[in-house]
Structures are given as structure tokens and as C-alpha cells.
Amino acid sequence: MFTRYTLLTVVALFGAPALAPAADPFADTVEKANKKLVKVFGAGGFARLNNYGTGIIISKDGHILTVASQLLDTSELVVHLYDGQRMKAQVIVTEPLLDVALIKIRVEGKKIDEDSGLDLDFFDALTAVRRPPAAAGDWILGMSNTFEIALRDEPLSVQRGVISAYTKMAGRRGIFEFPYTGDVYMVDAITNNPGAAGGALLDKKGELLGIIGRELKNSLTETWMNYAIPMNAKMTLKTTITVKDKDGKDVEQEKTVTVSMEEFVTKGAGYKTPVDKTLIPLGLGGYHGIIFVPNILERTPAYVEDVVPGSPADKAGLRPDDLVSFIDGEPIISIKALDEYMRKFTRPNQKIVLEVRRGESLQSIEMTLGQHPPKPKVPAPKP
Amino acid sequence: MKITIPNAARPWVAVVAVALLAAPVSAQPKPDLNDATEKAMKAASAKVAPAIVKIETAGGAETTLVAPKKGGPPGPPAAGIRKGVGPTTGLVVSADGYIISSAFNFSNKPTDIFVTIPGRPQRLVAKIVANDQTRMLTLLKIDAKDLTVPDVFPKKDVEVGQWGLTLGRTLDNNVDHPPSMSVGIVSATNRIWGKAIQTDAKTSPVNYGGALVSIDGRVYGVVVPASNRAEGETAGVDVYDGGIGFAVPLEDVLATLPRLKEGKDLRRGLLGVSPQGTDVYNAVPVIGAIQPDSAAARAGLQVGDKITEINGKKVPNYSTLQHIMGPMYESDELALKVLRGDKEMEFKSVKLLGTTTAYVAAYFGILPMRDDASPGVEVRFVYPKSPADVAGIKAGDRIMKFGPAALPAPPPVANRAAFIAAIQRLAPGAEVKVEVKRKDGGKVETVQAKLVPVPDEIPEKLPPATGKKEEPKKEEPKPPLNVRADLGGQEEKKDDKKEKPKLETGYMTRTDEALGREYWVYVPDNYDPKVSHGLIVWFHQAGQGGKDGERMAKTFEDFAADNHFIIMGPKASAETGWKANETEVVVRDVKTVIGQYTIDRTRVIAHGQANGGEMAFYVGFNARDVFRGVCTVGAILGNPPKDNIANQPLAFFISGGDKDPLIKDIVESKNLLMEKRFPVIFREMKESGKEYFDVKTFNDFLNWADSLDRI
């Protein structure tokens, strides 16, 4: 597709005589940053999977942050440093929830968990994770080995753009599943092309803002996204774990798990998996008791036909012909979307706010969800 | 310090200078241009932000992909585009609740629309007031007051090179955050026939309906997808984020706002003329055809008039006419000067119409003999019950003169082409006088007839089309290979070549080294350069490029020999199928073949299945100087059909299987074409999904192809 191969915008910003020289000419910024980035070569090279990518050095002895892609599924991982040195590398830990991986340069004769003795330029990841996020309109530089233009000591490609938005990733539901549901940087440069994943998103002073992501399509707009996972990425998951109660019986218990880039880079360097990633299997979600109009079309709007007497919907005062338009601020485009939302994001006893179109106006209705009534015909399995 | 400021940089330099001066001079020993520009951009965004609203929709259609059949070959690629489901953007244009947006955002006909205004917590129910069909804009009304209206950047001050920021509300759900931003410059003005400003800031569904904003926070225009090659609310979406984006000037939007507020859709103003040739850039603007009852017809313009001036502007070529007409609306008035012969004529206040009555080709009801050197036109076949039949014309008669009955004597008809040209100037209902030389005895008689519209019928069996006595090789040709109900595919070997062909015949593949393109041609073994041949251009299905050529050639083998057709098949450059922009190279290949062989230009057919059929429609409509027929199997129209034009007729043969999930859309495509009064043959094949023709439909198609030169 045309868009995927739009020419790289190399820094050539003010070709015309300008008012005054910028305090931080991009050339210096980019030259410094280039020394802290590597080209990664690994598995791939067939189908549409490329065997090249980019990585960000975050310690002087060679810890490299990159995207957790198929590229890393090899024992022959190789990185090229800015000066052309070719070195072997090894995966230390990956965090699928953030879609990042930490790899480390392997030096002959050294164990992977020893100091490698290298003295590389690096981005200070801990400073980066604590920096406040950039905002829409901030100028950015994207640096990556997009399309494998650079080899060995050739500098990476640089793109200039602005942050379009700092917002939730729109690919979390629907067409594709992307595990990370926190905020991302959307940028207006065409950064996310083959080989760019793992590249650096920098502010105009050259400070690390985020890691350029993969090639993904935005499910809200059906367009390819140009995004980076921010260094301050954080996401909170609700999960249930099974524990023994005092009688030794298995009971389910709710638990909140927070995954953050900060934890990942700190603990990652200590070679531990940062979090327990047991995800809750999806249940039915909370119960509302709305009977919808027949769901004929892919996008039949969520019109209420009736409510089950005594159900949460009945108690909340929903009426036939109401159109459920939003739940907790999320647009509900169809009955299908509503079902999916209930399943993924709600639990019994949770309070939700529905915005309902009744006639020509929108009404806010609060509802406390219930337990799904047992299905009559299927006998409950004996424990 | 001496500063040189390039012209184009002036507008933003001024702002940056202001931004710089605002800071205390002493505290800023080293002014940073990047910082200042960035700050100015954010200020511009913040200034317009209150007028950039979020639009959410519910219900409506969702164009989905046609899933490939399990185990079978992959299905056609997406039929049209899949519409995203996220929020879109609108721009406040009047404080009392009017919002303008891109029609793209409502292309799926949502049942409910909601608008959220920055700084106001409530979502509001919105209603569509009207559409501007020329600029693909939609006006919404919400119940709100005291909205912030943005400042307008005057059109006359827009210069290439000025900063342009595109702002949208799709990405961030919170309207109190800054809108999403992309930065670029004004790339061109007066684009899309004078209707849009072009920018290299990214435009996509993320900001369609939002604003293109100057560095000082004024609005150039409303971001829309647009294309100079296609119309419709989704045209131009394919190049999203590609550095080619468009915005309709806000000044123009505000000028039409009173008309839109009345709730009437704005349509393009049509004059109702078509050019004589296809080269609109070089050819002089001579009127080649006039739509019946159009603005041009009402004003009294005539075919052959040369347009010299419109609204005081000289018109050196036809494209100038298009540029002037492009931005015009229905009911707008034109002042025209034309040359008729040597006489200059003036037409003041020609009122443009919103619709044109479709041109309907007139029909006499005969098939002519081809490759006939004698004067007049010999009748090959008379359609039963046609005007010709009613007037007593018989096969074998020779038509010598033909013309409107009003003339004292009908003018002579030199040959087939002259006959076709003569009837194209007439409308159904016209009374004509025809002088015929009878087959037996050569008696000359003059008969009268009344022309009718071209009917939707195909003769079941046709006599040969050349004067030579040729016996068909077989009485009942076996169903060819690619046709269903294939009888086992036992094609007989034909090794009894009687004469040696002079030109290379049979199946050939050709490559254009320079362009890296390839195509195949099948020339029947009995090819004779003295006999004119029809040409069927086959557009393969996605992924079949270069694979189905020999099979198609075999399919048409007997027909090609018996009815003198050459078959060719260009190859799409992508595995995923045809793209509209391949039209030009495909047409070049077709013209090469036309140049090498004796081709009857009245029987050049674009034929394709599924994605190939969509390409056949597209190529048919966009290379009308070449194609006279379009035949599709299981394909839908990608774009709304263009008008039927007298001097570039197009006939359609459309088919689909009753089990094809697309069948409704195929029928809809057929209806659209019939509304435009094109002659359309439609066949719904029983018990059929996405297969090629069945035997019956195939035979109908062959007869249709062989009767395209009917008069």
C-alpha cells in the first residue's frame, strides 16, 4: 500500500534561511542518539516477516530494549553498533503485556549475567520512565532501521514529526488483539514500517520518549497506526487467582497487577520476570437483563426491546425503545459491541453508567450489574 | 543582524517573531527557532480546538471483507472499504449549533449521530441537515448555543509553503484534551477542479471532518478525502497519510452555508456537454455531444460549437472548461461565448442544472455487415419487431441513405461508421427516412421508421458478419473449458490448419521490459488482416495474473475463430488484485494490440470476474475512447457510473450467481447503470456462487459480444 512505503522524511527541516539557528540543531541531537541505538538481526526473512529491527541501548554493558517480536526467536541474535561492530546478543526477558523485550550483548568469555566490560553510550531508562509524558503537538524525532536502509556503521534513518495524540491504543478490541491497553504516543510521521520496531521516539532535544512499535492497524479507523510505547507505560490488570482458604478449599480471589516499563527495566536488568502474568479467563461479565431487538445486522444498534422484570436494567429504569449509546463513556455501536464490552470489562456487582438515547435526548442511567441467572437447561457441573 | 526571509516563510515567521518577542529579551540570549515554532503550532491548535468537535455514530452498514471459501481458492479482496467504528471529527461553523463534517464520516449511513463539544460534558444528538455533494461535506445540527466559531483564513492569502496543521478528534476520547495534530505545509491551491487546498500534513479517517489550520490559528478548510479521478464520499481514502491531503476552503463552506441550512442537498452544476475527443488537455473545446434537456440544450448550444469564453475567461482547451465548471453548483449561471462556424455567438446566463436527463441511444434494429467496401451498409440481421423490421427491412438489403424525416432527402450513408455516427445524433422517437437497395433485384425504395431506445435483448443466433461464405466449423460448439457444466474438457485437437497465417497467431505472452508488465494475447488461427476482429480484454481475478491466460484462451477458442475475436489478458502488478491506477498502462497494452491487428473498434470489450470485473467497470468508464462493452461476472461497481454519452457508447453485460453473497450489490450496480440509461443485459445464474459463466449465460455473452455493433 502507498502509505506503508511513504518516503522517509530525513531531517532537512530548515533548508531556507531561518530567523535564528535552533539551540539544538537536529544534527547534533541525532548524532548523539545514533550511538545509543543498534540494528538488530534475527529470525524471519520469509513470508512478510522481516529479519531486521532496531534496539535501544539502556546500559553501558549492553542491555538493549526492543519490541518483543518474532525477530527474537533465534539463538543467533546479532546487533550492529553505530560504529559497525557486529556482536552477538541474547534475550533476557520479554514482557508481552508491554510488547517489549530486553536483550543483552554477549561478549566472548563472559557470562551473560556478568558485567560485559563494555562501555557503551546509553539512554538512561530510569530517567526516561519518570519523565512526564509528551503532549499532542510536541515535536519528535523517530530513529530506526526502517526498511533496513542502514547496515553496519551507517547511521539510522531519522524522521521528524509531531505527537498527534497521547492516548489509549485503539486496537484493543475487535479486529486484532493487542495486549497493551495503556496510553501510547501516536505520531504523524510514518514511523511504523518494516524494521522500525524497537526504534527510538525522541523529543527534539534527543531525550527518549518511547519505543517505536510494530505495524498495526487501528481498529477504529481501519488505518495503519504510527505509534510508540511510551517509556512511562503502565497498565493495571484485574485478575483472579486461585488460593486455598483456611479449610484448604480452592477459592477465587481478585488481585490487581500492575505492569510498568519502570519495573521492567529495573527488574529486567536483574534477570527476573517482572510480573505474574496469569490472566483471568473471560467470563460472561456482569448481567444487565436488557432484551435487545433482534440482532440481524453486523451493526444492529443496541435498541432495548424489553427488560427482564426485576433485573438490573429494570431497576435502573430502562425502557423499550431506549438506545444504549455509551457505557462508561465508551461508544457502543451495536448489540455485538455491547455484549463484548460486558464480557471483557464488567463483573457482577460493578456499577456502570449507561448513556441512553431516549427520543431526542441522552440520559445517564446508573446500573449495578448482577450475576447471570443460571441457564435452566444445562445442569451445573458438580465440583 | 540581517535576516533574509523567503516569501513563502513570511506568515509563520511573523508569528514566530511575535512568540519570541513575548519572552523577555534578556532572559533569552539564544532564541530557539524550533521551540518558538513548536509553541506557535500548539497555540494555533489551542485556538481552534474549541471548534473541533467529536462525532460518534451508531448503526449503519459495515462493509466487510468477503471471506474466502474454506478449502477453496481465495475470495475476491474487500468489496469497497471497511468503515472504522471510532469517533470522527466535525468543525463548528455557526454559533447556533451547525457543524460541518466530511461526508466520509457518514458513508455507512448511521442511524444515530452524537456530537460532543469541548468544554461541555453532555453528548448531544445531531441531525443531518444537508450534504454538499460536490465537496463531500455534511452539515449537522445540534441543539446548542454560543459555540466557538473559528476564524477563517481568506482564500486569497493562501500560499504554497505556509504551515498547515490538520486537527482531528478520533484518537483521544477526551475532547478537553488538545485535538490530534499533524504538521505539514500547504502543497497547492485550487486542487480537485478548484475545490480544495492540498496539504502534506497527514490526513486520514483520524481527522476527516476536522480542520486544516494555519500557524496563527485560522482555519484554511475542512479536511476531506478527495480524488481528481473519482467521486463519492470515500474517493481518495486510499492515499490516506500519504502526504497528499485535501481541505475544502472554509470560505467556500461559509458561502454555501445558507443554502445548506435550508436542508437542500447541493449538487454539482451541470452544463451537459461532452468533449469531442478524449484528450481534454490539448484538444480545442469543441462540443462533441449534448445531453438531452440539459442546460446546454436549453440554452441552444449545438454539437460542433467551439467554446471560447466562460464568464469572461478564455477557454483554450477542454480541461479549462472543467476547471471553471468544477466548483459550480446547481442554479449557478454562466456566460458563454462560442464559435459556430465563423460566427461568434454569446449565451448569457446559462443556468446550470443539478441533474441531466440521461442520454438514451436511439436504435434502428439491424446488425450491419462488417468489412464491407461498397457504399452503403448491408444488413446482416434484422431484430424482430424493431423499427427496421416494422419498416420492412430484410437481411441482405443495403441501406444507402439515412436521415431525419424532416430533411427533404436523407443524406447518403458511406459505410458502417457513418451510419453509427448518423444515428448517434438522433434521439429515440425521431422519425427517419431510409433509402434501401433490396437484396433481390436491387430495387431502390425509401421507407420511414420511428427510432426507439436500445432494447435489452440478445439475438439467439446470428448469421456470419462478413460477406464471405464461411461455414461454421461445428454446428454445436462444445462448452469451452472454463465454463461450468464442463463436459469433461475433452477439447478436440485442431491440427488441420489449412492456410499459413501471415501474422503470428495462437497464444502468446508478451512483456514490456521497461515497465515490467506482461500480458497475453490469443489470436485465432484463422486470423486474416482483411477481416476486422473484436477484442475481449480479460481482467483476471486477484492472484490469477499470468495463471489463467491459457485457460481463458481455450475458453474462447472456438468463438474467437468463428466470430473473429482476439482475446487478451493484462496482468495486475499486485497479487491482491487490480488497482485503479493501473488503467493507463493497461490501456496502453490494449492500444498496442489494437495497433497490430485489424480490430473493429465497435467491439472492444472489458471482461472480468470479481476484482477483475470491478477493474473492467473502472477501465470501461475511464477509457471510453477504447471500450464499447463491459462484461462482468460477480463484480460490483466501485464508483458511481458516469453518464451515457452519445459518441462514446458503452453497453453492459452483468452477471452473478444467485448464491453469491454479493448478488444484492450486483443487482444494485445493474440498477445504477440502468438509471443512467445504459443498455444493460443482466443474468442471474441459478445454483451459482462465485463461479464463471454457466453454458447458457456464456452463449448469451458471446451473442451479446457479437452484436455490439447493432444500429
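**Exercises on a predicted model**

B:R677 is partly exposed, as 17 other C-beta atoms lie within 10 Å; a residue is buried at 20 or more such atoms around its own, exposed at 12 or fewer, and partly exposed in between, with C-beta atoms placed from the backbone. This is a predicted model, in which local features need pLDDT of at least 70 and side-chain atom pairs count only at pLDDT 80 or more, while totals for chains, interfaces and linings use all residues. Residues are numbered from 1 along each chain as its sequence is written, and chains are lettered from A and ligands numbered from 1 in the order in which they are written.

**Exercise 1.** Locate B:R677 and describe its phi.

Solution. Begin with the loop between α13 (663-675) and β33 (680-685) of chain B, where B:R677 is found; helices (H or I, at least four residues) and strands (E, at least two) are DSSP runs, numbered from the N terminus. Then turn to the backbone: B:R677 has a positive phi of about 65°, although it is not a glycine.

**Exercise 2.** Describe the barrel of chain A and the link between β9 and β14.

Solution. First, 6 strands of chain A close into a barrel in the order β7-β8-β9-β14-β11-β10, with antiparallel pairing, where two strands pair if DSSP finds at least two bridges between them. Next, strand β9 (residues 183-187) and strand β14 (residues 227-230), both of chain A, run antiparallel and are joined by 2 bridges. Finally, A:Y185 stands opposite A:A228 in β14 of chain A.
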